[in-house]
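Here's a quick briefing to read alongside the structure.

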Amino acid sequence: MFGGLREKLQAARSRLGSSIQAVAAPPGAQGPEPSSPQPPLPAESPVTGEPGPDAKKPAGFVDKIKTFIIERELIVSEKDIDGALSDLEITLLECDVALPATDAIIGQVRKGLVGKHRKIGESVDSLVVNSLKTALAEVLGNGFDLTEYIRQHEKPVKILFTGVNGTGKTTTVAKIGYFLKNQGFSVVIGAGDTYRAGAIEQIGVHAERLGIKIIQHQEGADPSAVLFDTVQYASSHKIDVVLADTAGRFHNKANLMNQLEKIKRVMKPDLVVYVDEAVAGNDAVTRAFEFDKTVGADAVVLTKADMDSRGGAAISIAHTIGKPLMFLGVGQAYDDILPFEPAKVIDELLEGGI
Amino acid sequence: MLDGLSNSLKDAMKKLAGKTVVDRAAVDELVKDLQRALLSADVNVKLVMELSKAIRSRSLDEDLPRGMNLREHVLRIVYQELVRLVWASTEVRLEPQIILMAGLQGSGKTTTTGKLARYFQKKGMKVGVICADTFRPGAYDQISTLCARVHVPCFGNAQEKDAIKITREGLVALKDQELIIVDTQGRHALEPDLIQEIIDLNELTKATHRWLVIDAALGQQASEQARRFHEAIGIDGVIITKMDGTAKGGGAMSAVAETKSGIAFIGSGETIEDLERFDPDGFISRLLGMGDMKALMEKAGEALKPEDVDVNALMKGKFTLRDMYKQLEALNKMGPLKQIMGMLPLGNMQLPEGVYDVTSTKMVRYRIIMDSMTPGELDDPALINSSRMQRIAHGAGATPDEVRELLKYYKMMQRTLKGMRGASGGKFNMQRLMKRFSGMQ
């Protein structure tokens with residue numbers, strides 16, 4: 001899903017590179033080749049400049065070299081990169097990174113670049129890439145290894161899924177159930193969405209297809225009771241993992257959020273997983289914050305990542321609540337779920353083209 | 001619901017207040033703030049750039065109309081440009097027709113289908129629903145449950161996997177209905193098979209309307225997805241769902257601009273009644289913090305009788321428990337308090353958060369408690385001492401704490417209303433508002 005973001009980042013990166021490059025040109029007028037609009041060879045200009053004076057003037061050679069080096073050791077100023085940074089800002093916004101998260105990343109990159117002494121021979125590009133990398137790594141943090149977590153914790157491991165309406169909680173529960181079953185764990189699902197018409201049937205069909213035991217009550221039943229029963233069932237049948245589905249709810253509905261708190265009190269989940277969609281825009285920040293505030297969130301699952309999204313929501317949510325992204329939902333089949341590895345994603349975003 | 005956007009816009013506007021000549025720097029600053037406001041509301045980035053360019057050049061180039069200050073001038077331009085985006089209101093006629101629902105997964109198509117069926121039924125039409133979602137488990141259960149609640153016939157078959165076949169059979173089975181809504185499976189533009197399916201469905205049904213259902217929270221993808229749906233079946237209306245959350249619907253607005261259609265309806269709640277007709281003028285008014293009287297009136301007209309709200313009592317500066325009782329009763333018919341408040345032109349006045357926390361169940365409790373008060377107590381709440389409180393609680397089957405809570409809420413409302421009156425010298429005039437409110441009933 002990060003294809004779009006990657007493309008855009010590459011462009012922003014060369015823009016940043018070339019604006020730093022442009023500042024590098026004036027002091028040593030003979031240095032860079034006259035026209036180099038594309039910055040694929042940023043490191044070369046200072047190096048090629050060097051041998052010239054070295055060979056011609058033996059007298060005062062050391063002095064010359066010294067001033068040359070000092071002049072060439074550039075300090076990147078805020079002004080130099082302003083244009084490029086505002087381009088980067090638009091890029092991030094276009095990729096659905098919410099405004100506050102964008103501001104934070106831009107701030108990071110600026111801090112990483114401004115006032116930096118660039119040594120001769122140090123590639124502008126690597127300076128930019130490193131700065132972007134740090135900023136992204138800071139935001140995305142580490143991933144979350146669910147399998148490892150379950151292995152290390154006392155069974156049954158209880159996982160509660162939360163999120164607003166229509167983000168794909170039920171489908172995600174089914175997919176994770178399938179994933180864990182394939183990893184050799186025994187799983188039980190609690191049909192905690194007792195509100196939406198057809199929700200119990202929906203999760204019931206999924207469970208049946210996957211051969212996973214499901215605990216369900218009537219429509220309109222108390223979700224806490226359903227999930228409590230599910231946990232009881234898991235304990236008495238020595239089941240490894242409890243997956244608790246809940247009804248979608250908006251974070252600004254006090255009574256529904258209270259209900260969720262009650263569910264949490266009753267079933268005492270080991271993990272609260274917040275589910276949101278990759279195509280969400282700025283609201284992703286608001287609701288992630290509210291959910292994290294009321295019931296907490298230990299990990300995040302982003303769904304609908306196959307919808308040609310640019311992955312900005314991942315960055316927005318991670319920035320807002322600082323919780324690891326665990327899985328990406330990437331399609332309609334049960335195996336369309338990918339564990340998320342931030343380091344790999346960042347590398348993928350910024351590698352290539354160097 | 002559009003609080004965030006309108007707040008930042010209002011901040012931007014404030015900076016222009018008092019200026020009487022075109023001030024390039026001030027306009028530039030406003031445009032920048034406007035950009036940020038629109039971007040954080042998920043309006044498409046390209047659209048924002050076009051919009052702000054137009055606003056900037058018009059603000060600087062057009063002569064300041066006589067008698068208008070810079071703020072009003074720019075405000076007018078911003079308003080006009082925004083209205084232009086959502087101008088075309090989708091016409092909804094009460095005549096025999098077929099409506100095809102389209103949209104991404106989880107955008108709320110099925111819920112909206114139920115709401116639409118209810119909407120047209122209330123307008124006196126014979127409505128039928130076809131469930132062409134053969135993919136998602138439970139989809140047929142969901143829509144048939146929703147339809148059964150309002151006694152609308154629903155055709156579908158959970159066993160059948162061919163959406164085209166179901167629809168063909170459904171059209172025959174429901175041929176006596178005047179209006180047929182076809183609910184489809186969620187799909188996105190990168191699924192060629194599913195796009196082909198909806199093209200086929202469109203040809204088969206010869207749908208009068210093809211409405212795209214869009215989640216208010218959808219981000220920058222909205223334009224692109226809308227464009228592809230539009231290419232496939234020619235979208236002629238957009239329905240924004242989940243407007244009761246905190247999302248601002250800028251993505252949906254971009255989708256409208258992309259499809260050159262209009263916003264047909266707005267979904268803002270979980271019950272089958274929570275569907276509003278969209279009024280572009282009002283939408284922008286609300287966006288800019290001018291209040292959307294029209295939508296409120298429309299809703300009030302359906303739910304309210306004139307005796308329900310005693311505007312005079314409020315204006316006299318007296319607000320008793322009796323008034324609150326009437327208010328709660330009226331509000332209960334109109335929907336959640338926040339929804340109502342969002343429609344009132346309260347300018348940038350901040351209401352205390354607690355005002356909204358009263359849930360509808362609580363409102364019912366409050367009314368029961370007030371039912372066991374004496375007329376004297378209702379008119380003068382100060383009378384209520386602890387022994388009276390005991391009696392009231394006893395009579396209502398409540399605890400004294402609940403009665404205390406009710407009184408606390410009453411005091412908060414009273415303070416709030418007082419605040420409104422006090423603010424009348426500023427942006428809006430409560431007196432005028434209430435007059436208009438009562439005049440239009």
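In this predicted model, the largest nonpolar core holds 174 residues, and the members that touch the most others are A:V273 and B:V238. Here's how that core and the contact surfaces look, topic by topic.

**Nonpolar cores**
- Leaving aside residues up to four places away in sequence, B:V238 touches B:W211, B:L212, B:I214, B:A252, B:A255, B:V256, B:T259, B:S261, B:I263 and B:A264.
- There's also a second, separate core, made of twelve residues, with B:F319, B:M324, B:Y366 and B:L406 among them.

**Domains of chain A**
- Chain A splits into domain 1 (3-140) and domain 2 (146-350).
- Where the two touch, domain 1 of chain A puts in 20 residues and domain 2 of chain A puts in 19 residues.
- On the domain 1 side, helix 1 (3-24), helix 6 (99-113) and helix 7 (124-140) of chain A each supply at least two residues.
- Helix 7 of chain A gives the most to that side, with seven residues.
- Sorted by class, the domain 1 side comes out as 16 nonpolar, one polar and three charged residues.

**Where chain B meets chain A**
- This contact pairs 37 residues of chain B with 36 residues of chain A.
- On the chain B side, helix 2 (24-40), helix 6 (139-149) and helix 9 (221-233) of chain B are the elements giving two or more residues.
- Helix 6 of chain B has the largest share of that side, at five residues.
- By class, the chain B side is made up of twelve nonpolar, 16 polar and nine charged residues.

Conventions. Residues are numbered from 1 along each chain as its sequence is written. Chains are lettered from A and ligands numbered from 1 in the order in which they are written. This is a predicted model: local features need pLDDT of at least 70, side-chain atom pairs count only at pLDDT 80 or more; totals for chains, interfaces and linings use all residues. A nonpolar core is a set of buried Ala, Val, Leu, Ile, Met, Phe, Trp, Tyr and Cys residues joined through C-beta atoms within 7 Å. A residue is buried if 20 or more other C-beta atoms lie within 10 Å of its own, exposed if 12 or fewer, and partly exposed in between; C-beta atoms are placed from the backbone. Two residues are in contact if their C-beta atoms, placed from the backbone, lie within 7 Å. Domain bounds come from an automatic or database domain assignment. Helices (H or I, at least four residues) and strands (E, at least two) are DSSP runs, numbered from the N terminus. Ala, Val, Leu, Ile, Met, Phe, Trp, Tyr, Cys and Pro count as nonpolar, Asp, Glu, Lys and Arg as charged, and the others, Gly among them, as polar.
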